[in-house]
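Hello,

Here is the structure I promised to pass on to you. Have a look at it first, and then read on for my notes.

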Amino acid sequence: MSNEEFRGALARLAAGVVLITAQEPPLDEDGRGEDVGMTATAFMSVSLDPPLVMVSLRNDSRMDDLLAEQPLWAVSVLAESQRHVAGRFAMKGRISDRLLFEDIPYARGEITGAPLVGGALATLECRTEQRVPAGDHTLVIGRVLGARVPSGESGPLTYFRGRYRQLG
C-alpha cells in the first residue's frame with residue numbers, strides 16, 4: 001500500500017477540528033513565554049473517569065517539542081465559522097505564532113495560561129499524563145483539568161476529503 005492510498009482512504013473519515021494551544025515557558029523570570037498553536041483533526045476523548053483526551057502530534061513538530069517540556073495545554077473545539085482560524089494554524093512555513101494570535105479573540109485559561117479561542121464550541125484545559133510514540137507521531141494523552149461549553153448553537157467545523165466542511 002502506498003502513502004497516497006492510505007491517505008486517500010483515511011480522507012473519507014470526517015473529523016472534528018480543534019486548535020491545540022500552549023504557552024512556552026518564559027526565557028527569563030520577568031518575561032512571558034510565547035503562545036503556540038496548532039490545528040488538529042486527530043483528537044479524541046479517551047476516558048470519562050478519569051477525564052482523558054488524546055491528540056496526535058507529528059514528531060519533531062513545534063507543538064510536539066513544546067509539549068515534551070510543557071505539561072499544560074488547551075483545546076478549543078472550533079465552530080463552523082472558524083475555518084480561518086483552522087487554516088491559519090495549519091499553514092506550512094507559517095509566520096510566527098505571536099502574529100498568528102494577533103487578531104484572534106481569545107482568553108487565557110485560568111489553569112494552563114494557554115489561549116482559549118473566543119467563539120469556540122467548547123474549551124478544555126489539560127495536563128499531559130502520557131506520551132506514546134506511534135510511528136512518525138506521538139500520541140499525547142492529557143487529563144482534562146477544566147472544561148467549558150459557552151452558550152451558542154453553532155455547528156462544528158469538520159474536515160473531510162482534504163477540506164474544511166460544515167455539517168448539513
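Predicted model: local features only at pLDDT ≥ 70, side-chain atom pairs only at ≥ 80, totals over all residues.

A word on naming before the details: helices (H or I, at least four residues) and strands (E, at least two) are DSSP runs, numbered from the N terminus.

First, the overall picture. The protein chain has four helices and twelve strands. Its radius of gyration is 16 Å, close to the 15 Å that the globule rule gives for 168 residues, so the chain is as compact as a globular protein of that length. The C-alpha trace spans about 50 × 40 × 35 Å along its principal axes. Of the 168 residues, 39% count as buried. If you take the contacts between residues at least 6 apart in sequence, 62% of them join residues at least 24 apart. The accessible surface comes to about 9,800 Å², and carbon and sulfur atoms account for 52% of that. As for charge, there are 18 positive and 22 negative charges, and their mean positions are 8 Å apart.

Six of its six residues are buried, so S3 is largely enclosed by the rest of the structure. In a regular strand the side chains alternate between the two faces of the sheet. Here both faces are covered: Asp35, Gly37 and Thr39 are buried on one side, and Val36, Met38 and Ala40 are buried on the other. The antiparallel pairing of S3 with strand S2 (residues 18-23) runs over six bridges, and within it alanine 22 stands opposite valine 36.

Further along, strands S4 (residues 43-47) and S5 (residues 52-58) also pair in the antiparallel sense, over four bridges. Serine 45 has valine 53 in S5 as its bridge partner. The two strands are joined by a hairpin through four residues. Proline 50 lies in the loop between S4 and S5, and the peptide bond that joins aspartate 49 to proline 50 is cis, with omega at about 0°.

Aspartate 60 has a relative accessible area of 64%, and counts as exposed because that is over the 50% cut-off. The other is arginine 161, with phi near 55°, in the loop between S11 and strand S12 (163-166). Arginine 161 is partly exposed, at a relative accessible area of 48%.

Finally, which strand holds leucine 157? Leucine 157 is in strand S11 (residues 157-160). Its relative accessibility is 1%, so leucine 157 counts as buried, the cut-off being under 20%. Setting aside neighbours within four places in sequence, the residues in contact with leucine 157 include Ala15, Gly16 and Val17, then Leu78, Ala79 and Glu80, and also Tyr164 and Arg165. Glycine 87 is 70 residues from leucine 157 in sequence, and their C-alpha atoms are 11 Å apart in space.

How values were computed: Residues numbered from 1 in each chain as written. Heavy atoms only, no water. Rg over C-alpha atoms; globule rule 2.2 N^0.38 Å. Buried < 20%, exposed > 50% of the residue type's maximum accessible area, 1.4 Å probe, protein only. Contact = heavy atoms within 4.5 Å. Areas by Shrake-Rupley, 256 points an atom, 1.4 Å probe, with all protein chains shown as cover. Lys, Arg positive; Asp, Glu negative; His and termini not counted. Charge placed at Lys NZ, Arg CZ, Asp CG, Glu CD. Pairing = 2+ DSSP bridges.
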